[in-house]
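Hi everyone, thanks for coming. Let me put the chain up on the screen, and then I'll walk you through a few spots in it.

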Amino acid sequence: MLKRAPSYRTLELELIEWQERELFEYFVVVSLKKKPSKNTYLPEVTYQFPKLERPTKQMREAEERLKAIPQFCFPDAKDWLPVSEYSSETFSFMLTGEDGSRRFGYCRRLLPSGKGPRLPEVYCVISRLGCFDLFSKV
């Protein structure tokens, strides 16, 4: 097939190289939502950019990755209660795909503006680039 369409391999490689040059793949905000009839919280994505709209194979794989992100942002979700003060913190994690590909999550957990007790949120950038210092400054 490559002999009949030699540009196919080139286009595929160009797509992979283009994806690796992106600064980030996703930006998400993860918040804690109260479980119904319980005093515990579950992390969930409350905002994401870009939105995943087309149901392609790549989009389905991306959705699977997005499902794991809240657990990495709040592995201690069951321990949280609303607070009035909180010092922000920065941390990172790495997601490894079935194909061995790696994506890095760069997170900043902070208390949203407002008055009275509230729950923190996590702002998370997902990128193929391993640049913790860069994303911690962003």
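First, some housekeeping. This is a predicted model, so to speak of local features we need pLDDT of at least 70, and side-chain atom pairs count only at pLDDT 80 or more, while totals for chains, interfaces and linings use all residues. Residues are numbered from 1 along each chain as its sequence is written, and side-chain values use heavy atoms, with hydrogens and water left out.

Okay, the fold. We have three helices and five strands, where helices (H or I, at least four residues) and strands (E, at least two) are DSSP runs numbered from the N terminus. Reading along the sequence, you get α-β-β-α-β-β-β-α. The chain has 138 residues, and 30% of them count as buried; buried is under 20% relative accessible area, exposed is over 50%, and partly exposed is in between, using a 1.4 Å probe and protein chains only. As for contacts (heavy atoms within 4.5 Å), take those in the chain with a separation of 6 or more: 52% are between residues 24 or more positions apart.

Now, salt bridges. Side chains of opposite charge can pair when their charged atoms come close. Here the cut-off is a side-chain nitrogen of Lys or Arg within 4 Å of a carboxyl oxygen of Asp or Glu. How many does a search of the whole structure find? Five.

Let me show you Glu25 and Arg103, with their closest N and O atoms 2.6 Å apart. This pair links distant parts of the chain: Glu25 sits in the loop between helix H1 (7-21) and strand S1 (26-34), Arg103 is in strand S4, and they are 78 residues apart. Both Glu25 and Arg103 are buried.

Compare that with Lys78 and Asp79, where the closest N and O atoms are 3.5 Å apart. Lys78 is exposed, because its relative accessible area is 64%, and Asp79 also counts as exposed, at 55%.

Then there's Arg109 with Glu89, at 3.4 Å from N to O. Again the pair links distant parts of the chain, with Arg109 in strand S4 and Glu89 in strand S3 (residues 89-96), 20 residues apart. Is Arg109 buried or exposed? Buried, since its relative accessibility is 5%. Glu89, at 32%, is partly exposed.

On to the second largest pocket, with about 210 Å³ of space. A pocket, on a 1 Å grid over the protein atoms alone, is an open set of points where a 1.4 Å probe fits, with protein on both sides within 12 Å along at least five of seven lines; lining residues have an atom within 4 Å of a point. Its lining includes Phe27, Thr90, Arg108 and Tyr123. S4 gives the largest share, three residues.

Finally, Arg108, which is in strand S4. Arg108 is partly exposed, as its relative accessible area is 34%. Beyond its neighbours within four places in sequence, Arg108 is in contact with residues including Ser88, Glu89 and Glu121. The side chains of Arg108 and Thr90 are joined by a polar contact of 2.3 Å.

Conventions: Points joined across faces, edges and corners; volume = space filled by probe spheres on them. Polar contact = N/O pair within 3.5 Å; in protein donor to acceptor, adjacent residues only side chain to side chain.
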